[in-house]
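Reader: I would like to learn how to read a model of this kind. Please take me through it feature by feature.

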Amino acid sequence: MSDDPRVPILMYHAVAAEPNDATRALSVSPAAFAEQMAVVADLGRTPVTTAELAAAWRTGRPLPARPLLITFDDGYAGVHRHALPVLAGHGFPATLFVSTGWLRGPYDTGGAPDTMLDWGQVRELVAAGVEIGGHSHTHPQLDQVHTGDLRHELIHCKEIITDQLGAAPVSFAYPYGYSDRRVRTAVRETGYAQALAVGNALARRAQGPYALRRVTVRRTTGAAEFARLVEGRALARTFVRDRALTKGYAVLRRARRLRGRTLRPAF
């Protein structure tokens, strides 16, 4: 293995047979998820959690052969209902990044786009080997909010997870994948040890612990394309449109931020 191995980090959202319009594009069906995890196993990949990957890269400890990460954003109920039995059947760990204000329970802000997990289900995921990371409290574009609101989103999320689970989260994922130097500094100062973006590329140690890249799995991801994602092949071609849109949208976000306005994407 090279000194800076490239590791695929799969980014999932909802796992649902009948997702609503808000979550459909970034959802996968339960059958597709089961097939995809079988592909991971057949290709000899060894899933690890976000915390395990980052700790290995910080300390120089060797990673297992052919490592891969399975991550979920937001906290949709299907992660417990549909994904957990499949993960448990393979013995796969995963990382779930929760927006604490979207989960059902005492901190629910009412802004969730679909049916979400409750805290009892989150605890069952933890017991089954799923790492719980932070994903902010209300899921804003963190690079667009004022510093006080930014820190509240990070700290409140961390405090709620710690209160509900008895352990502080050490990993974070940026809502919508958006961050800048100010956001990454705040995430580090809040006590998170590593953070994930999107980027639709393989993760490398050289990216730094607060800008690790992931690849998007969506409802239109077919079996052959998924196998290429797992093997890290043809990513530039697969995500050429995503990358062009990301660059263009970054310019708009910077301009809006300078004018004190915030864009609100659909998801």
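Author: Start with contacts, meaning heavy atoms within 4.5 Å. Among contacts in the chain with a separation of 6 or more, 66% are between residues 24 or more positions apart. This is a predicted model, in which local features need pLDDT of at least 70 and side-chain atom pairs count only at pLDDT 80 or more, while totals for chains, interfaces and linings use all residues. Residues are numbered from 1 along each chain as its sequence is written, and side-chain values use heavy atoms, with hydrogens and water left out.

Reader: What is the mean pLDDT of the chain?

Author: pLDDT is the predictor's confidence in each residue, from 0 to 100. The mean for the chain is 91, and 88% of the residues reach 70 or more. Where pLDDT is low, the predicted coordinates should not be read in detail. Here pLDDT stays under 50 over residues 261-267, for which the model has 21 contacts beyond four places in sequence.

Reader: How many helices and strands does the chain have?

Author: Both are DSSP runs numbered from the N terminus: helices are H or I with at least four residues, strands are E with at least two. The chain has 9 helices and 10 strands.

Reader: At what angle do helix α5 and helix α6 pack?

Author: Two packed helices are described by the angle between their axes and the distance between the axes. Axes are lines fitted to C-alpha atoms, for helices over the stretch in contact, and angles run from 0 to 180 degrees between N-to-C directions. For α5 (residues 147-165) and α6 (residues 181-190) the angle is about 40° and the axes are 10 Å apart. The contact involves T147, L150, R151, L154, I155 and K158 of α5, and R182, V183, A186, V187, E189 and T190 of α6.

Reader: Is T71 buried or exposed?

Author: Buried means under 20% relative accessible area, exposed over 50%, and partly exposed in between (1.4 Å probe, protein chains only). T71, in strand β5 (residues 67-74), is buried because its relative accessible area is 0%. Its neighbours beyond four places in sequence include I9, F97 and L196. T71 and L196 are 125 residues apart in sequence, yet 9.8 Å apart in space, C-alpha to C-alpha.

Reader: Which side chain does the side chain of T71 join in a polar contact?

Author: A polar contact is a pair of N or O atoms within 3.5 Å; within protein, one must be able to donate a hydrogen and the other to accept it, and residues adjacent in sequence count only if both atoms are side-chain atoms. The T71 side chain has such a contact of 3.1 Å with the side chain of R214, and reaches the backbone oxygen of L10 at 2.7 Å.
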